[in-house]
Amino acid sequence: MASLDVDAVQAFVFVADFQSFTRAAEALDTSQAAISVKLKRLEDRLGEKLIERTPRLVRLSARGAAFLGVAREFIAAHERAVAGLTSAPRRFTLGIADQAAGPELPVLLARLHAYDPALLIEVQIEASRNLLDAFDRGALDAAIVRREDDRRDGEVLAQEPFGWFALPGFAHREGEALRLASLAVSCGVRNIATRALDAAGVRWIEVFVGGGAAAVVAAVSAGLAVAALAHRVVPVGVVEVGERLELPALPSSEIVLHSSLSDARSRGALRTLAAAFREHRAPSS
């Protein structure tokens, strides 16, 4: 009976999830060559081809697809066994800025759970400034936020484009103040947007202030106002109206990762999270 190497099976699962040797290597803090060696060792042990790889594509073979579920169970069983040796559950507290928490959030959480099924995951979704304050107080292990003007630390994960969004039929009469929906005054995106309007000589009036991006998106979807939003949080039915309304262009923002984690296992979870986040903002390789 063939015995399976945990590291090799984990490498296979990561390649299957990311459909990329590059992303799998990044998540496991190793090289693509090492991932290839582990995968080859696993395929030789099983006598099956699990991954089909071309210069442009990485995908599961038919046997690899059949093996993936079993591989996940194998890794989960291993992690439960290791967790059983500790007296307390491991906790991972993560903050994600509401303008950065796009539709890929379930995937990020799934990858974290797959990496460490015994991990207790706590997630807060708030404005970047609030999360940075919580991180600085030690209330968060890690935070994925929009870079604030007064911070230059953190690992850059992506560039997040912003634009002006409203319903397609949103009407703005010449000479009237632009109806604006925004987050609280402390929100960096709000400040950038209003400064841009002021610099361009565009009169504006706030008609809605939301406690989170979801509330602002709801106001835009209801036709109340225009809002400055990250492209990734914009729902179906809402369109960019900056050019039509002759509004000033908004700069992209850097999305950065702040972390205070030091133990190897937690750092591994963090690498998994960062790799999954980047996967949804850049083509696989």
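Arg72 is partly exposed at 33% relative accessibility (buried means under 20% relative accessible area, exposed over 50%, partly exposed in between; 1.4 Å probe, protein chains only). The model is predicted, so local features need pLDDT of at least 70 and side-chain atom pairs pLDDT 80 or more, while totals for chains, interfaces and linings use all residues. Residues are numbered from 1 along each chain as its sequence is written, and side-chain values use heavy atoms, without hydrogens and water.

The side chain of Arg72 forms a salt bridge with that of Asp17 (2.6 Å, N to O); the term denotes a side-chain nitrogen of Lys or Arg within 4 Å of a carboxyl oxygen of Asp or Glu. Arg72 lies in helix α4 (residues 62-83) and Asp17 in helix α1 (residues 6-18), so the pair ties together parts 55 residues apart in sequence. Helices (H or I, at least four residues) and strands (E, at least two) are DSSP runs, numbered from the N terminus. Asp17 is buried, at 16%.

A salt bridge also joins Asp29 and Arg271 (3.6 Å, N to O). Asp29 sits in the loop between α2 and α3, Arg271 in helix α9 (residues 264-279), 242 residues away. Asp29 is exposed at 54%; Arg271 is partly exposed at 24%. The whole structure holds 11 salt bridges.

An open sheet of 5 strands has the order β4-β3-β5-β12-β6, with mixed pairing (strands pair if DSSP finds at least two bridges between them). β4 (120-126) and β6 (155-160) are the edges; each has a single partner strand, so one side of each lacks a neighbour in the sheet. Strands β3 (residues 91-97) and β5 (residues 142-146) pair in the parallel sense over 3 bridges. Ile96 stands opposite Ile144 in β5.
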